[in-house]
Amino acid sequence: MAYKKIYLKKGKEESLKRFHPWVFSGAIFRMDEGIQEGEVVRVITSAGDFIAIGHYQIGSIAVRILSFNDVPIDHEFWLSRLSSALQIRLSIGVADNPDNTTYRLVHGEGDNLPGLVIDCYNQTAVVQAHSVGMHVDRIAICEALVEAMGDRIKNVYYKSETTLPFKADLGQENGFIYGGTSDNVALENGLSFYVDWLKGQKTGFFVDQRENRALLEQYSRGRKVLNMFCYTGGFSVYAMRGGAELVHSVDSSAKAIDLTNKNIALNFPGDNRHEAYCEDAFKFLDANENKYDLIVLDPPAFAKHRGALHNALKGYTRLNVKGFESIKKGGILFTFSCSQVVTKDNFRNAVFTAAAQAGRKVKILHQLHQPADHPINIFHPEGEYLKGLVLYVE
């Protein structure tokens, strides 16, 4: 197929030679006429040589690279990439695992498919486009996905209303683009969870905390656990199975509290160790100091872009000061940042500052990150977004 071309300024191909999967708008010298947003384009160096092929989009990231080989972006391309993604999940043991029907199949740049996320929940795949190109190609992707997955999935739900640029005016709607089901229960490490792919955040569940939830389970026996920003109550359910003395879940969203209570009841019906509170995090911590010896701080992203970094770091410091002030002596604090622009060092410094301000002696027990089904492309270090610390607070 004769794809239109985008020509780079002199020297601007260097990052592509290092296989970085983005072309920024400032690197473009000129473009063929009539290129539409979401269209597949060939990227040409200043010397006139092909270097990559990808999706064009209006904005600072102008091209998201699909391949550094001059190949057609067709059914065979999508099938190859999705089959490769499945093989990784099979090799790490998260797919075809009877105790775990919840996993990420495609993690954007980490699977050489920038702008695409696919999470699997039992026999339903939830597809999310973060670029116009992936939205334009959603049906082709769905067809290849169904073929690659075989009998592993029977339904594909498309959920991109909130992830695509509103200025593109795509008129996108969430809904099933293959099959359809009302069965929204999936297993994670033998625990059952309702997944709200209709109206929930992300694809309906935070798949990326699976291994960190399992670690929390190991620390929960006999402890009084507080799960702040609980969302679906994932950490709370694991704490219950881990033998916690009591588990309190807090979120400012009534919908999140309702979902948490449903997930607790699904796994531990009639168990009175759990209570949930629809309250502001800071107010709750102020009113409940020295009550808990295991606290989870897993807030939503404080920084969506680099301009918000300074305020985000102040936010993480303030929140962790509250956590350190509230936790019992000898307590364990699980604290996280899911902001991509916040580096590991940024986050660690914010927590370090918080410990100093709170006047607590703190030891790092674990440094946490995203699980293996959220792989990081070695040429795209920006893909490392989830940071966490497990701290012993003296």
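Tyr-121, Tyr-157, Phe-176 and Trp-197 come together as one aromatic cluster in this predicted model, where local features need pLDDT of at least 70, side-chain atom pairs count only at pLDDT 80 or more, and totals for chains, interfaces and linings use all residues. Residues are numbered from 1 along each chain as its sequence is written, and side-chain values use heavy atoms, with hydrogens and water left out.

The structure holds 14 aromatic pairs; rings of Phe, Tyr and Trp (its six-membered ring) pair if their centres lie within 6.5 Å, and planes under 30 degrees apart count as stacked, over 60 as edge-to-face and the rest as tilted. Phe-19 and Phe-379 make a tilted pair, 5.2 Å centre to centre with 55° between the planes. Phe-19 sits in the loop between helix 1 (14–17) and strand 2 (22–24), and Phe-379 in the loop between strand 19 (362–369) and strand 20 (387–393), so this pair ties together parts that are 360 residues apart in sequence. Helices (H or I, at least four residues) and strands (E, at least two) are DSSP runs, numbered from the N terminus. Phe-19 is partly exposed at 37% relative accessible area, and Phe-379 is partly exposed at 39%.

Tyr-157 belongs to strand 10 (residues 155–158) and Trp-197 to the loop between strand 13 (191–194) and helix 5 (210–219), so parts that are 40 residues apart in sequence are tied together. Tyr-157 and Trp-197 are both buried (under 20% relative accessible area; exposed is over 50%, partly exposed in between, with a 1.4 Å probe and protein chains only).

Arg-138 covers the face of Tyr-158 at 5.8 Å from the ring centre, and Arg-273 lies over Phe-268 at 6.0 Å.

As for the nonpolar core (buried Ala, Val, Leu, Ile, Met, Phe, Trp, Tyr and Cys residues joined through side-chain atoms within 4.5 Å), the largest one has 35 residues, and Trp-78, Leu-82, Leu-105, Ile-118 and Leu-145 have the most contacts inside it. Elements giving two or more residues to this core include helix 2 (75–91), strand 7 (102–107) and helix 4 (138–149). Helix 4 supplies the largest share, 7 residues.

Methods:
A charge sits over a ring if NZ of Lys or CZ of Arg is within 6 Å of the ring centre and within 35 degrees of the ring normal.
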